[in-house]
Amino acid sequence: VESRFPPSKVFRFKSCPNAIAVDIDGKLLSATSNIRVAVYNLSDGTLVWERAAESKTIRFRGCSFLRSDLLIASHKASTFTSLERVNPETGGVLLKAKCLSTHHSTLSVSEDEQLIGLGTGNGDVAVVDSQSLSSVMFRREVHGLFVTGVCFAPEAHAIASVSGDYAVLSTEVSHDVSILSIIIKCIAALLLLWFAYRMLF
């Protein structure tokens with residue numbers, strides 16, 4: 001079988017890539033520090049598409065190929081982190097969500113591509129659902145310094161993180177229940193009780 005990956009290929013970027021990823025079809029995804037994200041053909045180095053950030057304060061800082069689309073992470077002026085699911089052929093945004101109220105420092109995708117792990121500059125560790133880009137888990141300041149890497153256990157039951165504090169931690173992945181969802185459920189239960197009372201009396 002002919003390999004889609006050339007034995008040696010040199011890519012010259014206009015600025016330093018913050019992250020790169022390669023898929024099985026021989027495509028190279030890059031997120032560079034000049035607020036651009038692009039896809040190239042590894043075989044001949046041709047550009048498939050390129051997209052600039054919507055603002056000069058946004059920095060792309062993480063990317064990955066998924067089975068059906070691309071995952072791109074960015075943060076704005078070290079404040080919030082956004083995740084995007086992107087069409088691999090055109091670069092069009094399929095889904096976008098703000099996932100963290102701080103900037104992320106590293107990203108990883110679980111083996112089954114159902115979960116996204118994020119580490120932050122504040123030492124936080126977060127897990128996001130890859131389909132809806134909604135929060136699954138957030139653990140604040142589990143490290144004393146910025147997180148330098150995260151990765152999932154084979155069955156995604158735990159996420160390991162390493163930090164500038166020289167510590168490696170394993171955190172069980174558990175679904176957080178938001179206060180808002182609890183309030184909504186309580187209100188719904190009270191309304192049901194009120195309607196039942198009115199019907200009886």
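1. Let's start with a term. A residue is called buried when its relative accessible area is under 20%, exposed when that area is over 50%, and partly exposed in between. Cys151 has a relative accessibility of 42%, so this cysteine counts as partly exposed. Cys99, by contrast, has a relative accessible area of 17%, so Cys99 is buried. Please keep in mind as you read on that this model is predicted.

2. While we are on cysteines, how many disulfides does the structure hold? The count is zero. As a reminder, a disulfide is a covalent bond that joins the sulfur atoms of two cysteines.

3. Now to the nonpolar cores. The largest one is made up of 16 residues, and those with the most contacts inside it are Leu29, Val37, Trp49, Phe60, Cys63 and Leu70. Several strands contribute: β1 (17–22), β2 (27–32), β3 (36–41), β5 (58–65) and β6 (70–76) each supply at least two of its residues. Which strand gives the largest share? That is β5, with four residues.

4. Setting aside neighbours within four places in sequence, Leu70 is in contact with Leu29, Val39, Trp49, Ser64, Phe65, Glu84, Arg85, Val86, Asn87 and Pro88. Two of those names, Leu29 and Trp49, are also listed with Leu70 among the residues that have the most contacts inside the largest core. Apart from that core lies another, of 13 residues, including Leu83, Leu107, Leu118 and Leu133.

5. Next, have a look at Ser110. Where does Ser110 lie? You will find it in the loop between β9 (104–109) and β10 (115–120). Is this serine buried or exposed? Its relative accessibility is 3%, so Ser110 counts as buried. The side chain of Ser110 makes a polar contact with the side chain of Asp112, at 2.7 Å. Not counting residues up to four places away in sequence, Ser110 also touches Leu115, Phe152 and Ala156.

6. Let's turn to charged pairs. The structure holds six salt bridges. One of them joins Glu50 and Arg36, whose closest N and O atoms are 3.9 Å apart. Glu50 lies in strand β4 (residues 47–52) and Arg36 in strand β3, so this pair ties together parts that are 14 residues apart in sequence. Both partners are partly exposed: Glu50 has a relative accessible area of 42%, and Arg36 has one of 33%.

7. Glu84 deserves a point of its own. Its side chain meets that of Arg51 in a salt bridge, at 2.8 Å from N to O. Because Glu84 lies in strand β7 (residues 80–86) and Arg51 in strand β4, the pair ties together parts that are 33 residues apart in sequence. Glu84 is buried, with a relative accessible area of 3%.

8. Lys96 counts as partly exposed, at 35% relative accessibility, whereas Glu84 is buried.

9. To finish, which residues are linked in a network of salt bridges? They are Arg51, Glu54, Glu84 and Lys96.

How values were computed
Residues are numbered from 1 along each chain as its sequence is written. This is a predicted model: local features need pLDDT of at least 70, side-chain atom pairs count only at pLDDT 80 or more; totals for chains, interfaces and linings use all residues. Side-chain values use heavy atoms; hydrogens and water are left out. A disulfide is a pair of cysteine sulfur atoms within 2.5 Å. Buried means under 20% relative accessible area, exposed over 50%, partly exposed in between (1.4 Å probe, protein chains only). A nonpolar core is a set of buried Ala, Val, Leu, Ile, Met, Phe, Trp, Tyr and Cys residues joined through side-chain atoms within 4.5 Å. Contact means heavy atoms within 4.5 Å. A polar contact is a pair of N or O atoms within 3.5 Å; within protein, one must be able to donate a hydrogen and the other to accept it, and residues adjacent in sequence count only if both atoms are side-chain atoms. A salt bridge is a side-chain nitrogen of Lys or Arg within 4 Å of a carboxyl oxygen of Asp or Glu.
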